[in-house]
Amino acid sequence: MADLIEIQATAPTLAERLFETQSPQRPHSAPAFTIEVDGRQVTGRAGQTILEVCRDNGIEIPTLCYEPKLPGFGACRMCVVEVEGEDHPPISCARAAEAGMVVRTQTERVRALRHTNLELIFSDHNAYCLPPCQNKCPSHIDIPGFLKANTEGDFVESARIFKRTIPFPSVLGRVCPAPCEEHCRRDEVDEAIAIRDSHRYAGDQVLRLQAEGRKAPVPFELQPRSGKRVAVIGSGPAGASAAYYLLIDGHDVTIYERDEKPGGMLRYGIPEYRLPKDSVVDGEYQSILDLGGRFECGRALGTDFTLDDLQNQGYDAVCVAIGCYDTNKLGVPGEDADGVFDGLEYLRTATLGLPFPGHAGSRVVVIGGGFTSMDCTRTSLRQGASEVTLVYRRDMKEMSASSEVHEAIEEGAHAIFQAAPTRVITSERNTVTGVEFQRMRMGAPDASGRRRPEPVPGTEFTIECDRVLLAIGQGPELAWLDHGSDGVRVNRNRLAADAVTFSTGRAGVFGTGDVRVGATTVVQAIAEGRRAAYAIDAYLKGMDLDDVRTRQTIAEPQPAFLSIVPFTGELKEPRHRLRSMPADVRNRSYVEYEIPYTQVEAMDEARRCLQCTCEAIGYCDLRRLGIEYGTTLATLEPSRTGFSHRSVLENRFTGYNHDYIRDDSHAFILREPSRCIDCGRCARVCAEVVGAACYDFMRIGMDTLVTTPLDMSLNDTPCVSCGRCAETCPTGALMPKPRVLEQYDVDESRCILCGICVDACPYDALRCGPDFELAHETRAVPDIDLLSYSAVQHDTEMSYVRRERDWMARALAAGRDVSIDRLLPVLSARIGPGRGEGNGGAGGSGNGRGGEAHQLPPGPAR
Amino acid sequence: MPAILATPAGWPRITLAAAGQYDPDEGLAAAERVGAWAAWRQAVGSSPDGLVALVARAGLRGLGGAGYPTADKWRSARSQEDPERVVIANGIEADPGAFVDRTLMELDPHAVIEGTALAAYAVGARRACVAVNAAYDLAVSRLRAAVAEAEDAGYLGPRAAERGLDLQVEVRPLQGAFVLGEETVLIHALQSDRGMPDQRPPFPSVRGLDGHPTVVNNVETLAAVPWIVRQGAEAFAAAGRNGLPGTKLVQVSGNARLTGVAEVPMGTPLREILDQVAGGMSDGSTFKALLVGGPPGGFLPESRLDTPLDPDALQAAGGILGSGLILVVDQRACMVELGRVMERFMSDESCGKCIPCRIGTRRLFELTDRATSGRARPTDPQLLLDLAADVRDGSLCGHGILAPNPLISGMRYFRDEFDAHFNAGTCPAGVCNPLRVTPVAAAPR
């Protein structure tokens, strides 16, 4: 106690001085001088390091271990620069700037050094950024995020999270091939999460609300109207998602559609039994109308208007998203015969609800292995074809629609794999009587890595049929390019447009979706549309599109860096599967055949998610630098010829690395040492700013790790739960731990327990309680001293401890009772037991932890 | 008692001038009979600037390895405003198997203490500290005895303070890893922090122990100072060869006929050290390489044997002066395997602060490990060179900067042998397993 009284004697002046201190401390009149950085003359002041001068002048030098409150440390070696006249490149965080210095921050040599450093870090970084599901999703949906919302039953929030990257959760919930589920890490425990069915449920809940007259959630704050006009050509998934995000960005969007109703392939390519048009497509497209988008249906590019026309009408930008509607030709004799149909034409008729003439009772052969072929097969069954045979030239597992094959067979279709047509057999009147096929076997892998099928001679066989439906892929219709579209080019039979900026050769004209990349999945098209919207928005704001390329590639998630230890010990719980209608019922019906989740099922399924994402992904410096110094286009446009840059993703260095165990014993701070890069920031901040010294470098050599002494739990260190370590950590090795509060009326899903409310509350109504949680203090407790707080400025250097200590010293000096419950553990340990009179016995628990510590000090009646 | 190798007649003895001439356990009088503390008595009262100038004229350079001019270091510390200056004598000697400094400290502790005191006087320091490897029990006790005797004699401590000469010399045994020999690491260790280096500049002579200007000199450097004061700068400057000043303690080990510590004039060609000091190769050995400078040193082949013992010349040849360790390697050794062992040592001894050293040296070790176990990849030779250059240029302190040296010099002089491991999967020396062994002429044993 004596030392506390002493503190009281000196504290006010010291504290006041500390509170007035601004960091970093420098003489106000430090002489200024000029140094040259990257060819620019910039002004520095005496005492500044090169890094500080650069940061002051807006020149970015990458750092990982630099903590602005502390002197340079020099562990990460990322801030290395070249100084003219010096052989060994110095690090800028520790090197004082001197007048006349000539500094280069981005030479090939220093970039190579930084690159090597990053590669070395990643070679011992057993962690990943995005969970694999989100990584593999073409649009990188925040899957753990919306599943988390699902577990809480907040399906509108779930849909909102989903809509951040894809505007149509219900549509995708029905038609997405769900590449995410193939990579789900729950598979290591039992079965992958039903991700698609989960967002389908969330989306359907929103549709239900919409049917009741409510509005769908909008993922972002609506931007003020920009006054810019954008024409989107094509209302399919790509065009619609581009329009959606452009509308949110505040632009005026008109969507041109050649058909009678918007939707593109969603409406005219996917049958009703898979995707109900009225309830789902119209329902989700309603959100575009809600945002102020306009559809101009029945107007086709090339016949009704040209690009010139649109731009003459004053559109500031035009986005071409017309998709792929030209079915490829078989290239075998007889394919012009009567009875050979384009699968898309067939589906178009069928999805309009019209029976295709002559289909009932006919024998149908469907050629192809994609979703279109599957839709043709199953629709033919529903239209009464007597026999339907699907033929695909590769193996079943290579089919993009392989999941549907079993359902089709259940419904009565036949499927033949590894056979390719050699000719269409016709009668004298040129009508189809059959198709001759040849067996295929898998040959050597081609450039795309898929094994190319090759024919096996002498294995020809014939299937007799009346009709042939071709579904062997589509290309875009590009006839419109002949008129009024100068400057737009074709590349390999597709519209030529950049993969990131989506700009065609013509100013203000962008191309996205299938017309740019060829026929792909709906989710891919939606991802394309969203990214095109970003690029168009940037163009409309007058930004440099090359900058946009960098910005956007950094914004896009990147693949994982390393694999990680498998999950063990999780309880097994099977996946909740959607039930289907019986095959003999559904093959005569266009009604959606899958029976959706109940709410309980949806919540239970979402609860299975292991939430294996890295929580630090948004602010991880290592990730940002890894992207900057890697091949940024790696995921956006996979290159078949290899990467042009050296990539940190293709690490040159592999070898011994560490798997550390997560420490979640602390109530506030989550430690994930596998993500630690040994920068030492936490150790230095803890020791030098906070004064607690919970961490240090431990062990030597490759095994060095910044951790607690003996790897003990943070609870056993002098930790004061100030959170400074988590705040300064450049990666996700130390994180504020999300906690669920039960006692108070706060939005639990959004509180990260940052403690800012505690800091900011002028009435001290919220405090950091003895059990490291936010505790609600009654204002009637007599020992709250408002005056002592009103004098405190909102400073940056003050820690809880210091304030707490000063407060306690004054309270004691004033002869007031200091109840031990009110104190931080570090201080209550110092005050010792027995001081907290009238405290319900909590004084006995030295560090104030334990059940009794939850009691509030008895005070006057509230 | 460590062996001191005989040197040819006419070679000067400076650092070891009094070593073996008196028994340190017999007290101050015995030491003073061979000249101990004469320089101190001579220097005290004269101008410290004059002492600095004398050392500058002598051309004394740091003998701990880096070869930085001692007088410049002193001047830099002396020019600082902070009056609380500190002198640290570095007697850590962390190289495995080395006993150069240990020999000096055990046989002539008074020279070390006197040199430290002189340095403190020149710099204007009131505190000096001799940091000694804690494993050197005898050296610690003799140094402590020497300090006590000097205090009793009124050269240092309270009795000197009565005469207006305020200087405390403390002997601090320190335990630690290899990197402890680095000056900023040593300073951290003396502050009871974890031994990790700081980025230089600022050099310790500007901001060192507890933030005060600090001169860190090797004990060998400091032991030469009293001799310079007694015999004059010119005598010291003339002691070396090829125009270089002074002498250097070296330690020959390995396949030489004689092994041990010797004092040789600076600038002596390595060949002369091998032939005239170590007596040539041991029986049945033929020369293959010298590892000059300890584990972070460089491998020098026969063709570089005429390199003089001089920091600059050695650096140009790919070695370092370092601790003065000279490992003689004969034809039975595999250079890749030796490089692997050195790299493993450097990796394990890294303090772990900076990335290139902590992970980079480990990856270098793994590259050589792949080569010596027949798992090399086609890209490995280039990767080894690239990574070695990046570790050298990117590391924080001398440990990481020098760590790739054995591999860089090995690739430079013994490329055939490295290529045999990398490309053909063979070990010409027949050392590495399970590589296929190419026939070699059996070495007579």
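Strands β12 (residues 387-392) and β13 (residues 414-417) of chain A run parallel, joined by four bridges. This is a predicted model.

- A:Val391 stands opposite A:Ile416, a residue of β13(A).
- Between β12(A) and β13(A), the chain passes through helix α16 (residues 402-411) of chain A.
- This β-α-β crossover is right-handed.

**The nonpolar cores**
- The largest nonpolar core holds 221 residues.
- Within this core, B:Val112, B:Ala117, B:Leu118 and B:Leu143 touch the most other members.
- Helix α6 (residues 109-123) of chain B gives the core its largest share, ten residues.
- What does B:Leu118 touch, leaving out residues up to four places away in sequence? Its contacts are B:Ala39, B:Trp40, B:Ala43, B:Leu51, B:Val225, B:Pro226 and B:Val229.

**Helix α12 of chain B**
- Helix α12 of chain B spans residues 270-277.
- Its buried residues are B:Leu270, B:Glu272, B:Ile273, B:Leu274 and B:Val277.
- An α-helix has 3.6 residues a turn, so residues three or four places apart point the same way.
- Just after α12(B) comes B:Gly279, with a positive phi of about 70°.

Definitions and conventions: Residues numbered from 1 in each chain as written. Chains lettered and ligands numbered in written order. Predicted model: local features only at pLDDT ≥ 70, side-chain atom pairs only at ≥ 80, totals over all residues. Buried ≥ 20, exposed ≤ 12 C-beta atoms within 10 Å, placed from the backbone. Helix = DSSP H or I, 4+ residues; strand = E, 2+ residues; numbered from the N terminus. Core = buried A, V, L, I, M, F, W, Y, C linked by C-beta atoms within 7 Å. Contact = placed C-beta atoms within 7 Å. Pairing = 2+ DSSP bridges. Right-handed = clockwise from strand over helix to strand, strands pointing away.
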